[in-house]
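Reader: Can you take me through the packing and the charged pairs in this one? Show me the model before we start.

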Amino acid sequence: MNPKEVVVAGRSEVKKIRIDSRRFASIATYDETKNQVIVEVDLHENIKPDQYNVDWKFYLWFFACIVLAHASLFGYAASVVIVNPILANGLALLSIIVFSCVTYSMLSWAVRYTIIIPKLFWEMKKVAPWHGAEHKVIDSYCQNGTTDLESAKLVSPISDYCGGRYAVLLLLIAGALLAVATAFALNDYKIIKIVISSITLATLGMILFHRTTMKCAVHFSRKLQKYWTIKEPGEKELWTAHCAIVELVKTETAYHNDLMNFKKYSITYNRSS
């Protein structure tokens, strides 16, 4: 099996690391009192809804906001060149209403989360070593084809495949929307035209030169990891991640073509062993 086709995702929390293949999820939980790691492996569809579902709902909402915002901007731009005054005014009014609703929705979300930013920074600092451990074992397996713990120790915790590279793009899009909202608030038609034109050209550029765009996103993601979301893991964090990927690879190897006989299982690793 190609290692890069086996491991497709990972998620880290304090004392919990989840690593996914396309069909299985391996969730390792560290028990500090007993110095143990408990690993549960199951099919994706059998796992109770967790943060992944919340994430996908958020991404769907965010994507819908982006599409509606761009549609409203193009609608407003089109209304300027339409000759029929009724159609032009109607399209302009509809575009402003849609954009206002989208902006209100996104700003409400931004304000709500801005309030908890100090808590978010603190939480990310606590999760950082666990996040780093997740990266090390996944990258070690993908690069070297092994789940060996000693091999994982030699790998950098900063990964080019971290989901943070998409977060960077989302932040850029949010910033563009904020710029347009500011232009509307200033009620300056020239600024609105400049901002809309800039966003349109930037969007086309990002699509046409998507490889360069992703390289830039990866560069900023590495900086984000280095200074905020990632920390060199200790033994307990790395061991927890190691247990998770070991069981995932075992399960993929054993049940790759035999899903019907797979049953959810749990195994406990003792630190002393």
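Author: Below we go over the nonpolar cores and then the salt bridges. Keep in mind that this is a predicted model.

Reader: Fine. How many residues does the largest nonpolar core have?

Author: That core has 29 residues. Val 7, Ile 19, Val 37, Val 137 and Ile 245 have the most contacts inside it. The elements giving two or more residues are strands E2, E3 and E4 and helices H4 and H9.

Reader: Which of them gives the most to this core?

Author: H9 does, with nine residues.

Reader: And what is Val 7 in contact with, leaving aside its neighbours within four places in sequence?

Author: Ile 19, Asp 20, Ile 138, Tyr 141, Ile 245 and Leu 248. There is also a second, separate core of eight residues, including Phe 62, Cys 65, Ile 66 and Leu 73.

Reader: Charges now. What does the salt bridge count come to?

Author: Eight. In one of them, Arg 23 and Glu 252 meet at 2.9 Å, N to O. Arg 23 sits in the loop between E2 and E3 and Glu 252 in helix H9, so the pair ties together parts 229 residues apart in sequence.

Reader: Is Glu 252 buried or exposed?

Author: Glu 252 counts as buried, at 3% relative accessibility. Arg 23 is partly exposed at 23%.

Reader: Which residues do salt bridges with shared partners join into one network?

Author: Lys 15, Glu 32 and Lys 236. Within that network, the side chains of Lys 15 and Glu 32 meet at 2.8 Å, N to O. Lys 15 is partly exposed at 30% relative accessibility, and Glu 32 is partly exposed at 43%.

Methods:
Residues numbered from 1 in each chain as written. Predicted model: local features only at pLDDT ≥ 70, side-chain atom pairs only at ≥ 80, totals over all residues. Heavy atoms only, no water. Core = buried A, V, L, I, M, F, W, Y, C linked by side-chain atoms within 4.5 Å. Buried < 20%, exposed > 50% of the residue type's maximum accessible area, 1.4 Å probe, protein only. Helix = DSSP H or I, 4+ residues; strand = E, 2+ residues; numbered from the N terminus. Contact = heavy atoms within 4.5 Å. Salt bridge = Lys/Arg side-chain N within 4 Å of Asp/Glu carboxyl O.
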